[in-house]
Structures are given as structure tokens and as C-alpha cells.
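Reader: I would like a close look at one spot in this model. Please keep it brisk, then show me what surrounds it.

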Amino acid sequence: MSETGRPLVEAPADAVAGEVVLRLSDVVKTFPGVRALDGVQLEVRAGEVHCLLGQNGAGKSTLIKVLAGVHRPDSGLVEWRGQPVSFANPQAAMRAGIATIYQELDLVEDLSVAENAFLGHEPRSLGFIRRGHMARRTRQILGRLGHAEIPPGRMVRALPAAGKQVVSMARALSHEARLIIMDEPSAVLAHDEVDNLFRIVRELTAQGIAVIYISHRLEEIREIGDRVTVLKDGRTTAANLPARDTPTRDLVSRMTGRTIEYVFPERSADTTVGEKLLEVDGLTRSGEFADVSLTVAAGEIVGIAGLVGSGRSEVLETIYGARRAESGTVRMAGKALRPGSVGAAVRAGLGMAPEERKSQALLLGEPIYRNVTLATFARYARLGFTDIGKERAEADRIAESLEMRPRDVNRPVRTLSGGNQQKVVVGRWLLGGTRLLLLDEPTRGVDVGARAELYQVIRELAAQGVGVLLVSSEVPEVLGLADRVLVMREGRVVRTAPAAELDESTVLDLVMSGSLMEGAAA
Amino acid sequence: MSDSPPTTKLPAQSPPVDPAETEVAGHKASAGTARLSWWHGDGGDGARRNLALIGVLLILFVIGAATRSDLYSNPDWVWANMLSILKLASVVGVVTVGMTFVIIGGGIDLSVGAIVALAGVWCTTVATQSFGAAGMIFTAIVVGMAVGLVNGTLIAYGRLVPFIATLAMLVAARGLAAEISDKQTQISQNSTINGIASNSLLGIPLLVYILAAVVIAGWVLLNRTTFGRRTVAVGGNPEAARLAGINVKLHTVLLYVLSGLCCGIAAIMLTAQATSAQAAMANLYELDAIAAVIIGGTLLSGGRGTIVGSLLGVIIFATITNLFAINGLSTEAQNMVKGGIIVAAVLIQQVQFGSLSQFFRRNNRLTTS
């Protein structure tokens with residue numbers, strides 16, 4: 001694979017191409033309520049591009065963070081160049097020669113290119129930074145990366161996304177990294193810039209540096225990858241597949257092969273769908289989504305499938321008034337909603353459980369009951385005085401019906417598990433008046449048992465005539481819960497069909513082939 | 001798919017105002033969970049911290065008694081001294097109540113001292129004084145609220161950082177006060193106004209009653225009303241508040257208006273004390289108020305705090321001033337002690353929020369690696 005050109009990058013002196021540099025055995029990492037990594041195997045050789053493939057939530061990010069020294073595994077073995085290691089912090093991983101380039105590049109925008117490249121290990125003499133030396137070495141590294149045109153003194157803020165990525169790589173090289181982890185490096189790049197990225201990757205690997213490459217775009221994996229390891233629900237489902245020759249069907253099935261049993265409640269026999277509640281027509285926000293139209297009827301569950309960044313969450317937030325549509329209308333029960341007003345949406349009977357529970361929905365230090373009544377406390381109040389007794393009683397009723405654990409509604413929400421926190425957020429909208437529920441990733445970070453309970457809650461709400469619009473990265477969840485499914489790709493609805501007419505790999509193909517086609521078009 | 005999932009009974013989608021249903025639910029709740037203590041609204045955590053502040057006050061009292069046992073042996077003097085401490089605390093105390101709301105709501109108001117000065121000067125102009133005591137009080141309060149309205153609007157709708165908006169207002173309001181007063185000290189001729197500071201009721205100065213009234217009103221507002229609930233929500237997680245349908249911008253404006261209202265009240269009190277007003281009055285009140293709020297245990301990042309804590313913070317500062325005065329010590333030394341107390345209070349808060357234990361754990365990890 002490696003084009004043998006002039007050696008642009010100095011290899012670490014003792015790097016032997018083909019030698020196993022990193023080996024993970026049965027690595028486990030749990031967070032409260034979730035088993036993020038549940039027995040990961042991984043083997044990376046010097047000089048290869050090892051691709052990690054998996055759906056959202058498969059554990060890729062956690063795995064990267066374990067390798068980068070951000071998290072420490074609960075159990076299992078990480079061997080780095082033949083030695084078992086456990087990195088205490090990111091600096092230790094860096095020193096050992098593992099550099100990570102995160103999707104959100106961790107650069108200091110108001111420092112220069114050289115200062116960023118050598119951040120934290122600036123060449124020093126008598127306590128003073130040797131600026132000239134640092135600039136020279138930066139120029140040298142940038143030259144090796146094929147970007148001699150970037151001035152080391154330029155502020156990083158002034159660089160385009162591709163330039164920033166080059167600076168991140170320069171930082172990795174300034175540490176003499178033997179393994180560079182790239183988390184969706186192409187996501188921020190234009191097509192011609194991706195070619196340049198690949199050229200750099202090839203030059204790195206030609207010098208014996210190992211690369212772990214993460215991407216959603218199968219096309220890229222085929223082009224740049226040597227071997228592929230597939231993760232699913234925190235487990236390695238396939239290791240060391242040949243990147244070029246493994247059929248797409250195989251890769252997709254390994255990504256989706258169920259290890260978690262999704263327990264969906266039976267659909268009730270009469271799926272009577274009532275009158276139209278929500279009508280969205282031609283909704284557009286440039287750069288996020290365009291011309292989205294959909295309807296949700298009373299008692300109907302409509303699911304939106306799509307990758308992160310496909311615009312699905314943005315559509316939900318725009319319907320809810322948390323973002324203002326540039327064009328298009330949202331009508332609730334026939335009446336147009338005032339754009340950009342959450343208050344108007346709530347008064348019209350909409351409720352939303354947002355994507356990021358902790359940062360968007362909860363007051364973590366406040367008791368459960370105050371979180372449950374966050375949208376309704378004013379209704380129980382008299383003359384502006386809150387009725388805490390009634391609020392607690394109502395919250396208690398919700399806690400009981402949703403089987404919240406613990407049941408004591410005076411406890412701070414912080415102490416609850418992810419699943420119970422989600423019940424608090426959903427329960428908030430059960431206190432009356434909500435006719436349409438917008439659910440964004442309702443089961444993210446929720447354990448299996450609580451998932452089944454949440455599914456049941458959603459179904460029962462629909463049975464009571466509430467309309468539900470559901471967004472999820474987990475295709476089986478959308479297919480299992482929804483009556484109708486919309487598939488979104490790059491801000492557009494590419495398919496609308498009854499859930500019964502779709503299966504998981506069809507949806508995944510639709511969701512991902514978009515990126516394939518985009519790659520092919522370049 | 002065929003597994004029957006655990007059944008959950010959902011509450012009926014009934015409107016919340018259903019007397020029969022809530023009656024039943026209410027009984028169930030009171031049986032299921034222990035009744036709240038009356039002070040629970042102020043937060044159990046906060047109540048514990050407030051006990052610690054009362055402990056500090058007791059220690060200060062003991063220090064006073066130890067250093068000036070001659071004075072403290074006279075109960076009449078002790079009572080009079082306590083009243084003078086409260087009187088000393090009253091004006092800043094009123095400002096601090098407003099500041100507490102602003103800080104719990106996630107903001108900060110650096111312009112409070114300047115607002116007091118502007119309101120004080122405006123209500124003592126010859127023209128205003130011709131309307132009598134009611135006109136003066138009305139003017140001070142309207143001026144305070146108007147300036148708060150400007151602050152809040154700039155912050156909520158102009159998207160200025162509170163620090164910058166109120167810093168600009170600090171400078172501008174003092175400038176306007178100097179302009180209106182022509183840099184002169186304006187004497188208050190109104191005996192009713194002046195009497196607010198000199199008169200007592202049942203042996204307790206009127207100023208202390210005003211402080212008590214503002215503190216009680218503030219406590220009720222924070223802990224028993226929807227306004228207070230919104231304040232905590234907006235400060236604790238503005239995004240969650242917004243997505244729950246709370247009008248975060250409007251509420252932010254109201255918080256600064258409330259702070260301005262408190263400043264207007266304080267302006268009358270201070271004018272009465274000095275029987276005059278001038279552009280330089282209430283100098284650095286913003287720092288005294290913020291310091292009191294901080295040592296009272298309110299998080300500077302918003303979302304949590306207590307009125308009682310802030311009141312105790314003000315009283316602690318007033319007690320320290322008093323302690324130095326009765327011992328004939330300099331104000332310079334006094335300021336150094338105050339600075340130390342602010343740092344100590346924040347350090348104690350950090351222990352309570354566990355960051356210190358995290359700090360130790362982190363260090364542990366560094367050494368074992």
C-alpha cells in the first residue's frame with residue numbers, strides 16, 4: 001500500500017515494519033449504567049493503517065480514550081511494544097509514543113502553529129523557549145508532511161480546517177509518535193483535502209508508524225486501510241479483516257449483528273392512527289438540513305434514522321422552536337407554531353427529551369421532583385407561589401408509574417443512573433398537556449433493562465394518543481419502535497417508508513452509502 | 001421480540017388540575033416519603049453551611065469578648081453593639097439580596113454601588129425633594145429598576161457578558177451621578193427620609209427592620225415562588241431551562257431589575273444615614289456584596305445559593321469591621337483579614353463539592369504512575 005517515495009518522515013530508529021506494536025486483550029471499561037467496552041481485542045502492527053469500524057455507541061470513542069490515557073480500563077490487558085501498560089494520563093501516553101488526533105482538534109486557536117505543535121514540550125534553554133529552534137523544527141515537520149507552505153508563526157485561528165489538522169499531525173510527529181490515532185479525520189475536510197490526508201497517512205506508515213484510522217465512510221477504509229477491526233456494543237465482533245477485500249455486506253452485518261437483545265413491546269393489534277398532529281413542511285436551515293417535510297399523527301410513532309451530523313437532531317430542535325427555521329413551516333393540530341419559540345411549542349403541546357440529557361435537560365444538583373416539574377411548576381403555582389407539596393405528589397406519581405429507582409423524589413438527579421435520569425426527562429412531559437413528544441436518542445447511555453422499560457413507556461404513550469417523533473442512531477431501535485421511518489442523510493430526507501418495509505441493512509446502506517456516493521463523486 | 005416486557009403503568013394523560021386525582025396522589029406521597037422540614041426550600045446542604053457561618057459569628061463574638069472583656073461584661077453594651085453591627089450591615093445587606101438573585105441566576109452585577117449612587121443623587125435633587133419623601137423614595141426605586149432594566153436588556157438581548165455590561169454601567173452610572181449632582185454633595189432636607197436612619201421602633205433601628213423585610217421577602221421569593229424556581233433553573237442549566245419552555249432572556253432581565261430595585265432601596269437608606277448624597281457614595285459596594293454572597297455559599301457559576309447565607313456573610317463582614325473598631329485597629333489590617341476570609345470560604349466550598357478530594361486522587365495517580 002505504501003508508495004515508496006523519498007523518506008519524508010524519519011522513522012523511530014527501532015521501528016520494525018510488521019511488528020505488533022499494540023495488543024489489547026479483553027479490555028473492559030464500564031461507566032455508571034453502561035458497559036462501554038465489554039471485551040475488546042485489537043492488534044496493531046507497525047506501518048499499517050488499522051481501521052476501526054462500528055456504529056455510534058459501539059465503543060470506538062471509549063477505546064480511543066483508553067489508548068490516549070484519558071480513561072483507564074477496568075480489566076483486560078493493554079500491551080504496548082511488548083510491555084503491559086496503563087497510562088495514568090494523556091501525557092504518559094504521549095511520552096510512550098501514542099498520539100491522538102481527535103475529531104474536535106484540541107488546538108489552542110490563539111497560539112501560533114509552532115507553539116501548538118510543541119505545546120507542553122517546547123524546546124527550552126535556561127527556562128526560555130527557543131523560539132527560533134522551535135520554528136525551524138516545526139518548518140521541518142511541516143515540510144515532511146508536505147505542507148511547507150504553512151508558516152510556523154501563523155495563528156492557528158487563521159488556518160482552514162485542513163490546515164488545523166496538519167498542525168495536529170505535526171504535534172504528533174513532534175512527539176516522535178509510533179502510533180497515531182485519527183478519529184474521523186476526514187469529517188472536517190473537503191474532498192481534495194482528503195486526498196492530501198491520505199498522502200500524509202501513507203508517508204507516515206511508510207516509515208513504520210502505525211495508524212489507527214476511524215471513519216464512517218467505507219469508501220475511505222477501502223482506499224487507505226490495511227486491516228479492519230469491527231466493534232459492536234463494546235465488543236470486537238471481527239478482527240483483522242482485510243480492508244480491501246472484505247465484502248461490504250460482511251462488514252455491515254458484523255457492525256449490526258445483535259449482541260444486545262432489543263426487547264420491543266408487541267404492537268397492539270389495532271394500530272389506529274388518529275388525525276394529523278404535527279405537519280412540517282419544507283423546513284430548512286442552511287448548513288444543517290434542507291426541505292424537510294414530515295407528519296406525525298396522534299398515536300403514531302415516527303422514527304428518524306441517520307448518522308450523527310445528518311441533521312436529525314437539528315430538525316427536532318427546530319420543530320421544537322429551539323432553533324429558528326430559515327424557511328418552512330411547523331403546524332401543530334392545524335395551527336402554525338411561532339418559529340424560534342420554545343414557549344409557544346410547549347403551550348401547543350410539544351415536549352422534548354433532548355440528545356444530551358445532562359447538559360440540555362437536567363438540573364443535576366436539584367431534587368428529582370423539581371426536575372420532573374421543570375416545565376410545569378408554574379401550573380401548580382398559585383399567585384406565583386409554588387406548591388411544593390403538589391409538585392412532589394405529581395413527581396411521585398410519575399416516579400411510580402415509570403418505576404424510577406430510587407423512588408425518593410427528594411434525591412438529587414445527579415445520583416440517578418442514566419436510564420432513570422432519562423425517565424425523569426420523559427416523565428417531565430407526562431404531567432399533562434403534552435400531545436407530541438420529540439425524543440432525541442432516548443436510550444443513549446441507558447442499560448438494557450431500563451431500555452425495555454422506556455420502549456414500553458413510548459408505546460403506551462402512543463396508545464394513549466400521543467404522537468412521538470423519535471431520533472436514534474440505533475437503527476434497530478427506530479425500526480422496532482416506529483410505525484413509519486424517515487432516513488436522513490446529509491440534511492435531507494432520502495427515504496420515507498413504513499417500518500415494516502425496511503430492514504436494518506437497507507437502512508444502514510441508505511445512511512452510509514450516501515457517504516460512499518459522496519466519496520465516489522469526489 | 002416475543003419476550004413480554006415489564007409492564008409499566010402510565011399515568012393517564014389528564015390535565016394537571018384534576019382535584020380528585022391529585023388528592024389521592026397527595027396522600028400517597030405523604031405516606032411514602034418523609035415530610036419536608038420548613039427550611040428545606042433553602043436546601044439541606046445550604047442549611048448545613050449556614051450553621052457553619054453561624055459558628056464563625058460565634059467565634060468572632062468570643063474573640064470580641066476576649067479582647068475587650070471590659071466592654072463585653074456589660075450586657076447593655078453588647079445589645080447596643082449588636083444593633084450597631086446590624087445597622088452597619090443593613091445597606092450592603094439589602095444590595096446583597098439582589099446580588100444573590102443575580103448570581104444564582106448565573107450572572108453578576110458590578111454596577112450595584114454605582115446604581116446606589118445614581119439613585120441617591122437623583123432622589124436628592126432640589127426638584128425631586130420638592131415632591132416630599134414619597135417622591136424621593138419613588139424616584140430612587142424607579143431609577144434603580146431602570147438601570148437594572150438597561151443592564152438586563154444588554155445582557156439578555158444584546159448578548160453582552162454580564163461582567164462587561166455591568167462594568168460599563170458602573171462607570172457610566174457614576175458619571176451620570178456626578179453630572180446630575182454637579183460633583184456637589186446634595187443635602188437631604190427631608191426629615192422623614194433622614195428619620196429612617198435615626199429613628200428606632202421598640203429599641204431597634206428602622207434600618208434593621210428594612211433589612212429584615214428585604215431579606216424575608218427575598219427568601220420567600222427565592223424559595224417559595226415560581227420566580228425563584230426559574231432563577232435556580234436559569235442559573236443551574238440555562239439550556240435545560242430554555243428547553244423546558246422557560247423564557248430565559250426575560251427572566252435574566254427581571255433578575256437585574258430586581259437587583260436595581262434593591263439598590264434603589266439601599267440608596268434611600270444610605271442617603272438617610274448620611275443626610276446627603278453624592279456621586280462617590282456606596283463606593284465598592286459591589287465588592288462587599290459579591291464577597292458576602294460568596295462566603296454565604298452561593299456558587300459563582302450559578303444555580304445554587306441561599307439568601308440566609310448571604311445575610312450571614314454581610315453580618316460576618318460587619319462584625320469584623322466592628323471588632324477592629326472596638327479594638328482600635330486600622331482598616332488596612334481589617335481589609336487583609338476580609339480577603340483571607342473570602343479565600344477560606346471558597347476553599348471550604350470546594351471541599352464540600354468534592355473537588356479537593358478529586359485533587360488528591362489526581363495527585364495520587366501522578367505519583368503512582
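Leaving aside its neighbours within four places in sequence, which residues is Thr225(B) in contact with?

Author: This is a predicted model, where local features need pLDDT of at least 70, side-chain atom pairs count only at pLDDT 80 or more, and totals for chains, interfaces and linings use all residues. Residues are numbered from 1 along each chain as its sequence is written, chains are lettered from A and ligands numbered from 1 in the order in which they are written, and side-chain values use heavy atoms, without hydrogens and water.

Now the spot itself. Thr225(B) is in contact (heavy atoms within 4.5 Å) with Gly384(A), Phe385(A), Thr386(A) and Val220(B), leaving aside its neighbours within four places in sequence. It sits in the loop between α10 (206-224) and α11 (226-236) of chain B. Helices here are DSSP runs of H or I, at least four residues, and strands are runs of E, at least two; both are numbered from the N terminus. The relative accessible area of Thr225(B) is 8%, so the residue is buried (under 20%; exposed is over 50%, partly exposed in between, with a 1.4 Å probe and protein chains only).

Tyr320(A) also touches chain B. Its contacts beyond four places in sequence include Leu243(B) and Ala244(B), as well as Trp429(A) and Leu438(A). Tyr320(A) belongs to the largest nonpolar core, which has 144 residues. Such a core is a set of buried Ala, Val, Leu, Ile, Met, Phe, Trp, Tyr and Cys residues joined through side-chain atoms within 4.5 Å. Leu278(A), Ile319(A), Tyr320(A) and Leu469(A) have the most contacts inside it. Domain 1 (20-97 + 176-256) and domain 2 (276-521) of chain A both give residues to this core, so it lies between them. The domain bounds come from an automatic or database assignment. Apart from this core lies another, of 80 residues, among them Met136(B) and Leu258(B).

An unreviewed UniProt entry annotates "transmembrane region" at several spans, including 135-157, 163-180 and 201-222 of chain B. UniProt positions follow the numbering used here, feature names are shortened, and annotations may be inferred rather than shown by experiment. Residues 135-157 of chain B are 96% helix and 0% strand, with end C-alpha atoms 32 Å apart. For residues 163-180 of chain B, the figures are 100% helix, 0% strand and 26 Å.

Chain A also has an open sheet of six strands, in the order β6-β9-β10-β3-β11-β12, with mixed pairing. Two strands pair if DSSP finds at least two bridges between them. In chain A, β3 (49-53) and β11 (227-232) run parallel, joined by four bridges. Leu53(A) has Val230(A) as its bridge partner in β11(A).
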